[in-house]
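This report is meant for a reader meeting the structure for the first time. Please keep the sequence and the model in view while reading.

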Amino acid sequence: MVVLRDGMCPGLDEDLLRELRAADIKTVEDLVSSDMEEVAQTCSVSYKALFAIRRVLLAQHTAFPVSGADLYEELLSSTAILSTGNPSLDKLLDSGLYTGEITELTGGPGSGKSQVCFGVAVHISYQLKQSVIYVDTTGGLSASRLLQMLQAESSNAEEQMDALQRIHIFRVFDIFSLLSCLHNLRCGGLQQASVGGGSVKAVIVDSVSAVISPILGGKQNEGMSLMTQVAGVLKMISKDFNVASLVTNHMTRGVGGGVQAGLGLSWSHVPRTRVLLERVERAGSTHCSLRSATLIKSSRRPCHMKEEFDLQWWSRSTDGSSGKRKLDDSGSAEC
């Protein structure tokens, strides 16, 4: 609520404020919702002058309706689509990651969530020349791995270093540090990260479940509140700064034995798009870089669409091939 102040609008001076406060009218909401005739008599002020003040305050503080066409024009002018660097994932995500939204990668251990995050960060930094905020909550981020991916993109050492400088890494290992980091980014950190390089277009949190899961359940009632705060700050960062947020989450077993994303029902409403990553098993193979990506939540594409891709895609030299698995002469997938 906005408190009434001297000079807020013509006619609202200190003497009138004193009279209004005596009548227990202290905020804009109090004044505009009061009976003007009664207030005018109580405060010994002209009804016409008081009505004029009310009209000005309503014009200053009331939300006005916006047409759907205006909202659509705003969407077209502000939304950008960032390629992940992998054609198969881009196809699944309807061209890539959308700014202003939260996209979630979920999957079990070894499903490739972090590797995809590495690849997305490298692609946005090197190919799109934009800055990336990477919040590492597991200690799994390796600078040598990022460099290896960049070396597959370019043999120029200067270009590799420029791209690495556009990836800004924050390491946090508990929920309070994560909240502090996100608040700092919202209150100026994103602008600072843009100095000397491209503007920040992506915020990656790998992973949200690593710091949220330990505080959920049991007697720790504040866990749900802290999770809601993380979700709120991520949404504000995405919307206010027009960036794409990419987060990772773990998998759990439901009551019926089926797999489902972690962090419960409340968190399920946070990401706009959710993708399930799973290993593609081959008989006789102990290690395979093939992964399947299944769309399990989206407002743009039919759910349960599936694409296969190779985690090695971001580490191979650019040759114009697709990100889908390759087939040898016998028709089997290479791993």
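Predicted model: local features only at pLDDT ≥ 70, side-chain atom pairs only at ≥ 80, totals over all residues.

**Helix packing**

| Helix pair | Angle | Axes | Crossing |
|---|---|---|---|
| H10 (175-194) and H12 (222-240) | about 20° | 10 Å apart | left-handed |
| H3 (36-43) and H4 (47-61) | about 120° | 9 Å apart | right-handed |
| H8 (143-153) and H9 (157-165) | roughly 135° | within 10 Å | right-handed |

How do helix H10 and helix H12 lie relative to one another? Their axes, 10 Å apart, meet at an angle of about 20°, which means that H10 runs roughly parallel to H12, since angles under 35 degrees count as such. H10 passes H12 in a left-handed crossing. On the side of H10, the residues that make the contact are Ile175, Phe176, Leu178, Leu179, Leu182, His183, Leu185, Arg186 and Leu190, while H12 brings Leu226, Gln229, Val230, Val233, Leu234, Met236, Ile237 and Asp240. Sorted by class, the residues of this contact between H10 and H12 comprise 13 nonpolar, two polar and two charged.

The second pair is formed by helix H3 and helix H4, whose axes are 9 Å apart and which pack at an angle of about 120°; because of that angle, H3 is oblique to H4. The crossing in which H3 passes H4 is right-handed. Here Met36, Glu37, Val39 and Ala40 of H3 meet Tyr47, Leu50 and Arg54 of H4. The contact of H3 with H4 contains five nonpolar and two charged residues, with no polar residue.

Leu146, Leu147, Leu150 and Gln151 of H8 make the contact with Gln160, Met161, Ala163 and Leu164 of H9. Of the residues in the contact of H8 with H9, six are nonpolar and two are polar, and none is charged.

**The largest pocket**

Which helix gives the most residues to the lining of the largest pocket? That helix is H5, with four residues. H5, which spans residues 68-78, and H12 each supply at least two residues of this lining, and H12 is also the helix that packs against H10. The space in the largest pocket is about 320 Å³. It is lined by 14 residues, of which Leu75, Ser78, Thr79, Thr99 and Lys239 are the closest to its centre. By class, the lining of the largest pocket holds three nonpolar, six polar and five charged residues.

**Two local backbone features**

The peptide bond that joins Asp206 and Ser207 is cis, with omega about 5°. Ser207 is found in the loop between strand E6, which covers residues 200-206, and helix H11, which covers residues 208-212.

The other feature concerns Asp24, where phi is near 65°, a positive value in a residue other than glycine. Asp24 belongs to the loop that lies between helix H1 (14-22) and helix H2 (28-32).

Notes:
Residues numbered from 1 in each chain as written. Heavy atoms only, no water. Axes fitted to C-alpha atoms, helices over the stretch in contact; angles between N-to-C directions. Parallel < 35°, antiparallel > 145°, perpendicular 65-115°, else oblique. Left-handed = near helix turned anticlockwise from the far one by under 90°. Contact = heavy atoms within 4.5 Å. Nonpolar A, V, L, I, M, F, W, Y, C, P; charged D, E, K, R; others polar. 1 Å grid on protein atoms, 1.4 Å probe; cavity = no way out; pocket = protein on both sides within 12 Å on 5 of 7 lines; lining within 4 Å. Points joined across faces, edges and corners; volume = space filled by probe spheres on them.
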